[in-house]
Structures are given as structure tokens and as C-alpha cells.
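Dear colleague,

Please find below the structure that I am handing over to you, together with its sequence. My notes on what was found follow directly after it.

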Amino acid sequence: MSYIFVDHLCKSFVVRKKREKGSLLREKETVHALQDVSFEIEKGELVGYIGPNGAGKSTTVKILSGILVPESGTVTVGGRVPWENRKEHVSHIGVVFGQRTQLWWDVPLLDSYSLLKDIYRVPEASYKKRLDELTEALQLGDLLRTPLRLLSLGQRMRAELCGSLLHSPELLYLDEPTIGLDAVSKLALRDFLRWENAEKGTTILLTTHDMEDIVALCSRVMVLGHGSKLYDGGLQELLTQYDTTKTVQVEEHQNIDQVIASMYKNLGL
Ligand SMILES: Nc1ncnc2c1ncn2[C@@H]1O[C@H](COP(=O)(O)OP(=O)(O)OP(=O)(O)O)[C@@H](O)[C@H]1O
Ligand SMILES: [Mg+2]
């Protein structure tokens, strides 16, 4: 079986509608966040997971990390059902949500990392080795004694990545990791992810609205819309299919956002 196996996955949420004028009751409505989604990812792959706002990307990542339980479907990651033995599962994965932090706000980075070492029960020697390696690759050396709250957004994202990888997970989920970053920070982050994937063999599932991230990193991309998987395959084929100017090479696409927008439109999104 593949490393990540997702079969006929469904998840919906019951939400309360806004109260109608003059009515005392708020009606309920079901949002079908994921409808019959299936895919498989092999160990060591770096896959882009894209789709417009509300498509169900974060919901998928939450299910894969065991935060949410689906209503139907089969999901295994490395043979484990994510939400059944969460503690065991999280020791094999790393998750970075671009808009949230897993580090402690007021303490120096090094103290946060040391806490994570204890939480994940990383042996001292492997922790030291991994920390050295990550601080070098992420250029964090000078910042280790600085509290998180004093870091810039770009520095904070590098610090988050380091924290999520200290226990050497087999799998890293990234949910909009380049959000709000300047051009230089984005390039550095992409270089790092390429290194982590190639050198360490870490499987990476990347969710982003920044198409340059996808072009730079992913040869395979899955497109989600209204909770359904609409495309799964090569990035090159996807772009060629929807590029009206019929540019052949990915690198030559003048405005990748335009191509993606036209694709979403053609798919009825
Ligand atoms: N906890 C929740 N309660 C109610 N509805 C939710 C919840 N989480 C997600 N949803 C709904 O499920 C749908 C999918 O949301 P999700 O966050 O997975 O989308 P997304 O693809 O990550 O979007 P974005 O690109 O904006 O981050 C949306 O309609 C959202 O409003
Ligand atoms: Mg999201």
C-alpha cells in the first residue's frame, strides 16, 4: 500500500446560517468540505495540493494529521489511521500552518526546541545533530536566543519549520508556508524544502495559493474544488491544458496565476 492512502474520504460540517430578519431561529446547513476524495502518495514524493478558498485543502491536512475525524472513507499514513492513535502518529509527522505557531511566544527559540525535544522524546544526541543541521540549512544560528515574538515573519517561518522537523518526521504537511513572505525569504524557504525532500527523503504535501511555490517545487499536483479532486498529475500537463497562449515549458509561463485562474474558471470553480 502507498505511504499515504486516502480512499473515498468524506467530511462535512453542520453550520448555522445567519439569522434571517424577523426570525428567532438560525437554520442549520451542511457544508460538504470533502466529497469522495481519493489519492495515494508514495514515500519521498513532494506533492502540491491546490484549489480555491474553501476547497477543502486544510480539512484534508487536518484529517491526515489526526486533528479531525472524517465521516466516511479510509485514510492511512505509513499504515496508521491518523486519528486512532494520535500520539504515535504525530511522532512521525510534522505540520506547519502558515498562520499559526507551535512555538512558545515569549521564550527563546532554543527553549521551545528543547521542549519539543522532550515532547517528542528525541534522544539528546540525535536532537543535537538535527538541530545543528536545521539551524545551518535555515540560517537560524544567530536567532536561537531570541524570543519568537521579536522575530520577523520570514524568520518566524524558518523557526517554525525547524521546530516541526526536529523529530525527523517522515512526512511534512505545509499549509501556506510562504504566506506574507518577501521574495528573498520565499526563495530561501523553497531551497530549504527542496533540500529536506532530496537529502532527507521527507515526504512533503504542500498547500499554497502561491503558484510559484508549486512551479519551483512540485512535479505532481492535485487540484481540489468544492470538496472534490479535479486533477491529479503532472504540473506541466495541467498548465499546457489550460494555458491559452499554449506556452510549452513551465518555466516560460509569463503569468502562472492567470493560467491557474483560467483553469479554475474552466472547471466551474
Ligand atoms: N470547523 C469547521 N466548521 C464549519 N465549517 C468548516 C470548518 N472547517 C472548515 N469548514 C468549511 O469547510 C470548507 C472547506 O474548508 P477548508 O478550510 O478545508 O478550505 P481550504 O481549501 O483550506 O480554503 P483556504 O484556501 O481558504 O484556506 C469551507 O466551506 C469551510 O467554511
Ligand atoms: Mg486552508
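Is arginine 149 buried, partly exposed or exposed? With a relative accessibility of 41%, arginine 149 counts as partly exposed. Its side chain meets that of aspartate 106 in a salt bridge, at 2.7 Å from N to O. This pair links distant parts of the chain, 43 residues apart: aspartate 106 is in the loop between strand 5 (93-97) and helix 3, and arginine 149 is in the loop between helix 4 (124-137) and helix 5 (153-165).

Before the remaining findings, a word on confidence. Please note that the model is predicted. The protein has a mean pLDDT of 90, and 95% of its residues reach 70 or more. Confidence is highest in strand 4 (residues 72-77), at a mean of 97, and lowest in helix 9 (residues 256-266), at 76.

Salt bridges

A search of the whole structure finds 14 salt bridges. One of these joins glutamate 124 to lysine 117, with the closest N and O atoms 2.7 Å apart. Glutamate 124 is partly exposed, at a relative accessible area of 41%, whereas lysine 117 is buried, at 12%.

A further salt bridge is formed by aspartate 210 and arginine 190, whose closest N and O atoms are 3.5 Å apart. Aspartate 210 lies in the loop between strand 7 (203-207) and helix 7 (211-217), and arginine 190 lies in helix 6 (residues 183-200), so this pair ties together parts that are 20 residues apart in sequence. Aspartate 210 has a relative accessibility of 17% and therefore counts as buried. Arginine 190 is also buried, with a relative accessible area of 8%.

Surface patches

A nonpolar surface patch is made up of Trp104, Leu115 and Ile119, which together have about 280 Å² of accessible area. Leucine 115 belongs to helix 3 (residues 109-119) and is partly exposed, at a relative accessible area of 40%.

Which residues other than glycine have a positive phi near 50 degrees? Histidine 8 is one of them, with phi near 50 degrees. Histidine 8 sits in strand 1 and counts as partly exposed, at 44% relative accessibility. Arginine 121 also has a positive phi, near 50 degrees. Arginine 121 is found in the loop between helix 3 and helix 4 and counts as exposed, because its relative accessibility is 69%.

Tyrosine 120 is likewise found in the loop between helix 3 and helix 4. At 23% relative accessibility, tyrosine 120 counts as partly exposed. From tyrosine 120 to arginine 158 there are 38 residues in sequence and 20 Å in space, taken from C-alpha to C-alpha.

With kind regards

Methods: Residues numbered from 1 in each chain as written. Chains lettered and ligands numbered in written order. Predicted model: local features only at pLDDT ≥ 70, side-chain atom pairs only at ≥ 80, totals over all residues. Heavy atoms only, no water. pLDDT = per-residue confidence, 0-100. Helix = DSSP H or I, 4+ residues; strand = E, 2+ residues; numbered from the N terminus. Patch = residues over 30% accessible without salt bridge, like charges linked within 9 Å, V, L, I, M, F, W, Y side chains within 5 Å. Areas by Shrake-Rupley, 256 points an atom, 1.4 Å probe, with all protein chains shown as cover. Salt bridge = Lys/Arg side-chain N within 4 Å of Asp/Glu carboxyl O. Buried < 20%, exposed > 50% of the residue type's maximum accessible area, 1.4 Å probe, protein only.
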